[in-house]
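Dear colleague,

Please find below the structure for your review. My notes on its aromatic contacts and on one helix follow.

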Amino acid sequence: MTQSTSNLTNTNTEVREITLTRPDDWHIHLRDGEALPTTVAHAATSFNRIICMPNLVPPVVNVKDAIAYRSRILQVLEQVDIKSDYKTSFNPRMTLYLTDTTSADDIKQAAESGIVQAVKLYPAGATTNSADGVTNLSARTDVFDAMQKYGLPLLIHGEVTETHVDIFDREKQFIDTTLTHMVKQFPELKIVVEHITTGDAADFVLSQSERVAATITPQHLLFNRNHLLVGGIKPHFYCLPILKRRQHQEVLLDVATSGNPKFFLGTDSAPHATHAKENACGCAGCYSAPIALPLYATAFDSVGKIERLEGFASQFGAKFYGLPINKEKVTLVNRPMQIPTSYSYMQQQDVTPLMAGDTLPWSFK
């Protein structure tokens, strides 16, 4: 167990404060183009480092693409109205989208680039903009060998995509049929099983070496499939992998708050314009970037483990990636915060955040 160094205090009025090392987000979607002014401002206000997902249109498939995407992000960063120290500390880290044509040389260049942090595996058709994902993993042996050689982690959206497999079983089946064999075949490969949603995934990560870790989102800690489906379908709770049963949610809360460094923060914050979510075929993804830390604090405090938040949010991910711990601090206070009903997004549109209009018990000081 890693002992948190967070400073948790009680005031005379019973209002608690907790001061944390400023967190990083090891899984976020910024999108591109007109989306960036909103997503970059929110991400830079909330986090120091972020790992940017590559499933753009077209996707980020090589170092040239990654450099260009990062440049667009930093250009927007200079234009948004946020505190100057947020701009100074913000460090977007890039990923390459693993495709059927990714080469070992692409991996070598990525490892040497200084800006590419990892490679992302989307099984083709698994989620938003994943049509270019890998269709035959067994044909990517040279790429995985190169990733082992150069120490470049593989970030995995861990679901099978066969249409006959029940959507609530797709993560478990991926673990059983694919991931178990992958870690045996490539024992030196660093792997992050992203946005895990089941006890099966948590147990798998716990059973592996320190080279295998996982990110957990705020929605999978706070909610289960009843929140999505009971009383009518709630489109802003719809994400992939989909919310699971309550017992899976409870396991995720247990491992996230355990102090085990294999589990760390990755919001999977994914913006979609409100009209695209509230649709007969609504997009998958929850937008949480501007409120992520109060969401996580609410989840941790719900099981009496708020003192474990700093390790999960600010330390374990950096250590897994071999990066220094941030020096900046952020303070949360146990005072109510009402989440906005929407944020402006793209041209004359808006994006609805997770828990829009609801009140959280924790807020930024």
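**Aromatic contacts and a kinked helix**

Phe264 is buried, with a relative accessible area of 0%; buried means under 20%, exposed over 50% and partly exposed in between, with a 1.4 Å probe and protein chains only. This is a predicted model, in which local features need pLDDT of at least 70 and side-chain atom pairs pLDDT 80 or more, while totals for chains, interfaces and linings use all residues. Residues are numbered from 1 along each chain as its sequence is written, and side-chain values use heavy atoms, without hydrogens and water.

Phe264 and Tyr321 form an edge-to-face aromatic pair, 6.4 Å centre to centre with 65 degrees between the planes. (Rings of Phe, Tyr and Trp, the last by its six-membered ring, pair if their centres lie within 6.5 Å; planes under 30 degrees apart are stacked, over 60 edge-to-face and the rest tilted.) Because Phe264 belongs to strand β10 and Tyr321 to helix α13, this pair ties together parts 57 residues apart in sequence; helices (H or I, at least four residues) and strands (E, at least two) are DSSP runs numbered from the N terminus. Ring pairs join Trp26, Phe264, Phe320 and Tyr321 in a cluster.

Phe320 is buried as well, with a relative accessible area of 8%. Lys190 lies over its face, 4.2 Å from the ring centre; the criterion is NZ of Lys or CZ of Arg within 6 Å of the ring centre and within 35 degrees of the ring normal.

Helix α6 has a kink of about 40 degrees centred on Asp176, the bend being the angle between axes fitted to the seven residues ending there and the seven starting there.

Yours sincerely
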